[in-house]
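Student: Before we start, could you show me the sequence and the structure, so that we can go through the contacts one by one?

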Amino acid sequence: MQSKQLELYLNDLLDVGRFQDYCPNGLQVQGKPEILRIVTGVTASLALLDEAAAWGADAVLVHHGYFWRGEDPRVIGQKHARLRRLLVADINLFSFHLPLDAHPELGNNAQLGEVLGLGPAAGFQHFGKDNLACYLDLPEAGEGALTLQALAARLEERLERAPTVVGDPARPLRRLAWCTGAAQGWLDEAVALGADAYLSGEISEPTTHLAREAGVAYIAAGHHTTERYGISALGRHLAVKFGLEHRFIDIPNPA
C-alpha cells in the first residue's frame, strides 16, 4: 500500500485530530512511498530502528516517537543518529501517543485488559482526560473474583515482570481502574470512582502515601511493559486488513 494511504487510514482509525498531545501524532518521518513490511515497537530507539532496517521494513510504528514538547529542536547527538538511520534506510516513522492509549479496542488500556483476562474491551468503562483510562467492576465471588495478591500474580505471569504493589495482598477487589505508562498522577480520579485498586506503569514517591491515605491499593507494572500490547495489536490489525508483513520487535526496558 502507499504510505499516504496508510497515514490517512491510521489518522482516521485512531481519531488523531481529537487529541491535544505532547508530540505530533501520525507520520513523523517520511520514507519510501510503498509499504509492504511494517515493524511495530514501543519506542523509536536506535536499537529498534537497526532491527527494522535489517529486516527490510518500509515503515516503523511506535507509541513513543520524537519531537516532544519542550525538547531541544536541534538535530544533534542521539536525535541525529536516529533520524539518520531512518533517512538512510528510507523508512517511514509513524508515532501515536495518546490516540493509541485511548482506542477502545486496539489501545494500550484495552489491550492490557485483554491480556489480563478482564473481559472484552466493550465491557470497560472509561474516565479521565480524553477517556484515556479504564475501570471495570469485578465479580465478588466465583471464578472472576480477585484479591490484590491474585492480581499481582497474574500480572507477573502474563507480563513476565513482577509488579510493585502497595496494599494488603488479601484485599478483595471489586472495582479495578488502570491506565498504562506514566499515569500514576490519576490515582485521585481512581479514588473518586470508588476503585479498590489502581494499576499503572510507574510509581512516584508520593504515590505510596496517597494510596495508603486513600485506602486504595496501587500497582506499578512497568511503563514499557504495560504499553507493549497496543502497538503490537495495531500492527496485527494492519497486517490482516491490508496484507502487510508485520513484525513486533520488543526492545526490553526495565522502566
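**Contacts of a loop residue and of packed helices**

Tutor: Leaving aside neighbours within four places in sequence, Phe-96 is in contact with Leu-10, Asn-11, Leu-14, Val-16, Asn-25, Gly-26, Val-62 and His-63, where contact means heavy atoms within 4.5 Å. This is a predicted model, in which local features need pLDDT of at least 70 and side-chain atom pairs count only at pLDDT 80 or more, while totals for chains, interfaces and linings use all residues. Residues are numbered from 1 along each chain as its sequence is written, and side-chain values use heavy atoms, with hydrogens and water left out.

Student: Is Phe-96 buried or exposed?

Tutor: Phe-96 is found in the loop between β4 (92-95) and α4 (98-102), with helices (H or I, at least four residues) and strands (E, at least two) taken as DSSP runs numbered from the N terminus. Buried means under 20% relative accessible area, exposed over 50%, and partly exposed in between, using a 1.4 Å probe and protein chains only. Because its relative accessibility is 0%, Phe-96 counts as buried.

Student: How far apart in space are Phe-96 and His-63, C-alpha to C-alpha?

Tutor: His-63 is among the contacts of Phe-96. The two are 33 residues apart in sequence, and their C-alpha to C-alpha distance is 5.0 Å.

Student: Which backbone oxygen does the side chain of Ser-232 reach?

Tutor: Ser-232 has its place in helix α10 (residues 229-242) and is buried, with a relative accessible area of 6%. Leaving aside neighbours within four places in sequence, Ser-232 is in contact with Thr-40, His-246 and Phe-248. At 3.0 Å, its side chain reaches the backbone oxygen of Arg-228.

Student: Are α5 and α10 roughly parallel or roughly perpendicular to each other?

Tutor: Helix α5 (residues 108-115) and α10 pack with their axes 7 Å apart and at an angle of about 95 degrees, the axes being lines fitted to C-alpha atoms over the stretch in contact and the angles running from 0 to 180 degrees between N-to-C directions. Angles under 35 degrees count as roughly parallel, over 145 as roughly antiparallel, 65 to 115 as roughly perpendicular and the rest as oblique. The answer for α5 and α10 is therefore roughly perpendicular.

Student: At what angle do the axes of α2 and α3 cross?

Tutor: In this pair, Leu-46, Leu-49, Asp-50 and Ala-53 of α2 meet Ala-81, Arg-82, Arg-85, Leu-86 and Ala-89 of α3. The axes of helix α2 (residues 46-55) and helix α3 (residues 77-89) come within 9 Å, and they cross at roughly 15 degrees.

How values were computed: Polar contact = N/O pair within 3.5 Å; in protein donor to acceptor, adjacent residues only side chain to side chain.
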